[in-house]
Amino acid sequence: MKIISYRDSLPIADADSLLDLTADQPSPGPRDLLVEVRAVSVNPVDTKIRAGGGPGKPGGPLPILGWDAAGIVKDFGSQVTLFKPGDEVYYAGAIDRPGSYAEYQCVDERLVGNKPRSLDFPEASALPLTTITAWEMLFDRLRIDASSEGSILVLGGAGGVGSIVTQLARQLSKLTVISTASRPETQSWTRQMQAHYVIDHGQPLAPQVKALVPGGVRYVLALTHIEDHFDQLIEAMAPQGAMALIENPVRPLDVIKLKSKSLSLHWEFMFTRSRYQTPDMNEQGRLLSTVATLVDTGRIRTTMKSHLGAITAGNMKKAHALVESGRAIGKIVLSGF
């Protein structure tokens, strides 16, 4: 089968940073689906692992990146009960298994959702990883539910996670959503994602938040450059509020600053369930199918912004470069081998 891989961790501008190669088609394990991959999207985790920050063993099999896919079930393992050949699915998979930059991929059925019927494969591939991350941040980490009121601040509203978390918060809670974006094009996109208000993270955040919510926001989702905004976020929060993070800070955070307001801090890593084979692994598949219904009923829209063509090393280099630039809006997708 065709794959996109690499032999050395290199800057994306290097000619050999990503390569068009071939590998043997995988065989599904007992709980696995064998999926014919029709479309993929690119996430920051893809670029970080390619650059040397993740799984990969010298002398081992060629690494296959990719943790977002939409495709068709072609075969399944002996213990599979949830899907059958021909089913259209979408998923983010597991970080410690071969990824989706391949014509065929094996993925545990518990991590897989039914693809939204109203979306094509590229549109659907934009959603899984960021949707799981956003859902777990809101509903598992911060314990937000349909009755939750007050305000939530989304730092980095135009990115992949920000684009879906804003929609989920609007549709599945009573929260007022304040998202941040610093450029006219990202501000426009964030409003399209259903934010009530958009403020500029290129300026001090606390005064802008307090102008909208004098008592401060109840929740903060810090999705990008947390170390640059940490003090301002704390100032912008209401006492006894909660903050959730997804990135590793470049510089250490002084968490003692959270104490005077009794603020709680939560980490989200959407690969925790698959990495530790938690008893509730199937929650990821369930939530993806739930979001598919929200999409098909018009409440959530795809976060696909850029389609860069076929799944080739050349196009994937362009996608990685755009993600690494920090200026990507929404999600970048590729489709078809």
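Trainee: Which residues does Arg97 touch, not counting residues up to four places away in sequence?

Mentor: Good place to start, and keep in mind that this is a predicted model. Arg97 sits in the loop between strand E5 (88-91) and strand E6 (104-108). Leaving out residues up to four places away in sequence, Arg97 touches Asp32, Trp67, Cys106, Val107 and Asp108.

Trainee: With which side chain does the side chain of Arg97 make a polar contact?

Mentor: Look through the residues that Arg97 touches, which include Trp67 and Asp32. A polar contact is a pair of N or O atoms within 3.5 Å. At 2.8 Å, the side chain that makes a polar contact with that of Arg97 belongs to Asp32.

Trainee: Does Arg97 count as buried, partly exposed or exposed, and what is its relative accessibility?

Mentor: Buried means under 20% and exposed means over 50%, with partly exposed in between. Arg97 therefore counts as partly exposed, with a relative accessibility of 30%.

Trainee: Which residue in E6 is the bridge partner of Val35?

Mentor: Strand E3 (residues 32-42) pairs with E6 in the antiparallel sense, over five bridges. E6 is largely enclosed by the rest of the structure, because four of its five residues are buried. The bridge partner of Val35 in E6 is Gln105.

Definitions and conventions:
Residues are numbered from 1 along each chain as its sequence is written. This is a predicted model: local features need pLDDT of at least 70, side-chain atom pairs count only at pLDDT 80 or more; totals for chains, interfaces and linings use all residues. Side-chain values use heavy atoms; hydrogens and water are left out. Helices (H or I, at least four residues) and strands (E, at least two) are DSSP runs, numbered from the N terminus. Buried means under 20% relative accessible area, exposed over 50%, partly exposed in between (1.4 Å probe, protein chains only). Contact means heavy atoms within 4.5 Å. A polar contact is a pair of N or O atoms within 3.5 Å; within protein, one must be able to donate a hydrogen and the other to accept it, and residues adjacent in sequence count only if both atoms are side-chain atoms. Two strands pair if DSSP finds at least two bridges between them.
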